[in-house]
Amino acid sequence: MMADVFESVFGQPRVREFLRACVSSGKVSHAYLFCGPSGSNKTQAAFSFARAILCASDPCSDCEGCTSASCAKIARKTHPDVHYLAPEGAQGYVVDQVRDLVADTSLAPIEANKKVYIIDRVDLMGAAPANAFLKTLEEPPSDVVLILLGRTRESVLPTIVSRCQVVPFRHIPASEAAGILVQNTGCTLPEASIAIEACGGSITKAAEFLRSKERAQFRRKMVAALASLARADDIDVLSCASDIVLAAKAPLDEVRREQERMMEERAEFLQKAALKTLETRNKRALSQASFELLGQVTSITRSWLRDVGMICSQAEGLVVNVDCIDALRDCAGRTDLGRVCEALERVSAAETAISYNVSPQVSIEAMLFEIREVLYA
């Protein structure tokens with residue numbers, strides 16, 4: 001079979017075949033619910049499905065082979081008729097956000113003959129936002145396809161599940177994910193394992209991580225800060241936290257440049273109201289990218305502490321961050337497994353604080369202080 005857009009949905013062969021069948025048969029439903037754990041490639045699958053639905057080529061081939069301009073825009077996540085939404089509230093979706101979505105579905109597509117809405121973390125959509133969404137979910141306009149993403153079927157409101165075609169995604173073990181990444185990027189297995197751990201198990205995000213010099217530099221700052229905690233005074237910890245937050249913002253410059261280029265492209269044919277809507281979406285996308293990068297702070301920290309725990313347990317062969325082995329040994333020599341487990345709990349607390357919109361710098365400062373205190377007493 002010729003390589004197609006679904007080849008990028010790594011680790012999910014049954015999902016790939018199902019989505020191919022939907023497109024080739026012309027039987028694309030109005031609403032899908034992609035269910036699976038973080039890192040199972042749901043988001044990549046959703047964008048690949050959007051490409052297959054909207055692409056002018058028939059069939060849609062891979063990124064290198066497809067000559068469709070619309071397909072290229074979807075691949076860059078800049079197509080005006082493919083919308084990605086994530087929760088804007090501290091605890092999930094807010095009603096006004098969902099009402100804006102519902103209103104937008106009634107508008108005609110800008111470039112394609114359909115519009116695709118990818119709605120992430122629908123398991124964080126409570127009763128009030130869901131009620132504002134149900135009628136549209138059940139009977140959207142004929143030119144609209146809704147792709148909802150959730151962690152588990154059980155965590156999504158039954159009223160939402162019953163209106164969707166459910167597509168289950170399997171958990172991809174870290175060792176398998178690293179192998180897939182090696183095969184598709186040409187990186188080494190240690191590099192792949194480090195990237196997978198830094199990105200919370202997501203193969204797609206790990207591939208982006210490996211391509212970005214800014215993200216590599218960000219990880220170096222993060223592990224250097226963790227390695228220095230045993231000897232750091234309070235001023236050092238505060239300085240480390242400030243450097244980490246600054247480094248986390250660097251990859252966002254790439255996102256901003258792409259958004260500015262997209263705004264320039266569309267300024268000629270979009271009305272002011274449409275441009276204003278696009279600006280709002282860009283701000284949301286930037287916030288989401290920022291949140292993901294902050295998530296890498298806790299993922300990298302968790303991976304580091306796990307490796308310290310492996311060394312404390314006499315299992316050095318299971319260490320992932322092999323490029324930091326001397327610093328990990330130094331840390332392990334100053335602490336024990338019980339303290340490492342307690343430090344991991346503090347990382348989870350920082351993750352929760354960031355998700356509730358607590359200042360990233362304050363959250364990271366608190367996490368570093370607490371890890372230093374717990375590990376080294």
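**Cysteines, rings and cores in a predicted model**

Colleague: How does Cys312 count in this predicted model: buried, partly exposed or exposed?
Modeller: Buried needs under 20% relative accessible area, and exposed needs over 50%. Cys312 has 23% relative accessibility, so Cys312 counts as partly exposed.

Colleague: How many disulfides does the structure hold?
Modeller: A disulfide needs two cysteine sulfur atoms within 2.5 Å. A search of the whole structure turns up this number of disulfides: zero.

Colleague: Which cysteine sulfur is nearest to that of Cys312, and how far away?
Modeller: Cys312 takes part in no disulfide. Its nearest cysteine sulfur belongs to Cys331, at 7.2 Å.

Colleague: Where in the chain do Tyr32 and Phe49 sit, and how many residues apart?
Modeller: Tyr32 lies in strand 1 (residues 31-35) and Phe49 in helix 2 (residues 42-54). Tyr32 is buried at 0% relative accessibility, and Phe49 is buried at 0% as well. The pair links distant parts of the chain, with a separation of 17 residues.

Colleague: How is the pair of Phe47 and Tyr84 classed: stacked or edge-to-face?
Modeller: Their ring centres are 6.2 Å apart, and their planes are at 25°. Planes under 30 degrees apart decide the class, so the pair is stacked.

Colleague: Which elements does that pair link?
Modeller: Phe47 is buried at 7% relative accessibility. Tyr84 is partly exposed at 29%. The two are 37 residues apart, and they link helix 2 and strand 2 (residues 82-85).

Colleague: Which residues touch the most other members of the largest nonpolar core?
Modeller: That core has 55 residues. The ones that touch the most other members are Leu181, Trp304 and Leu368.

Colleague: How many residues are in the second core?
Modeller: The second core is separate. Its members include Val9, Phe34, Ala50 and Ala52. Its residue count is 26.

Conventions
Residues numbered from 1 in each chain as written. Predicted model: local features only at pLDDT ≥ 70, side-chain atom pairs only at ≥ 80, totals over all residues. Heavy atoms only, no water. Core = buried A, V, L, I, M, F, W, Y, C linked by side-chain atoms within 4.5 Å. Buried < 20%, exposed > 50% of the residue type's maximum accessible area, 1.4 Å probe, protein only. Helix = DSSP H or I, 4+ residues; strand = E, 2+ residues; numbered from the N terminus. Phe/Tyr/Trp six-rings, centres within 6.5 Å; stacked < 30°, edge-to-face > 60°.
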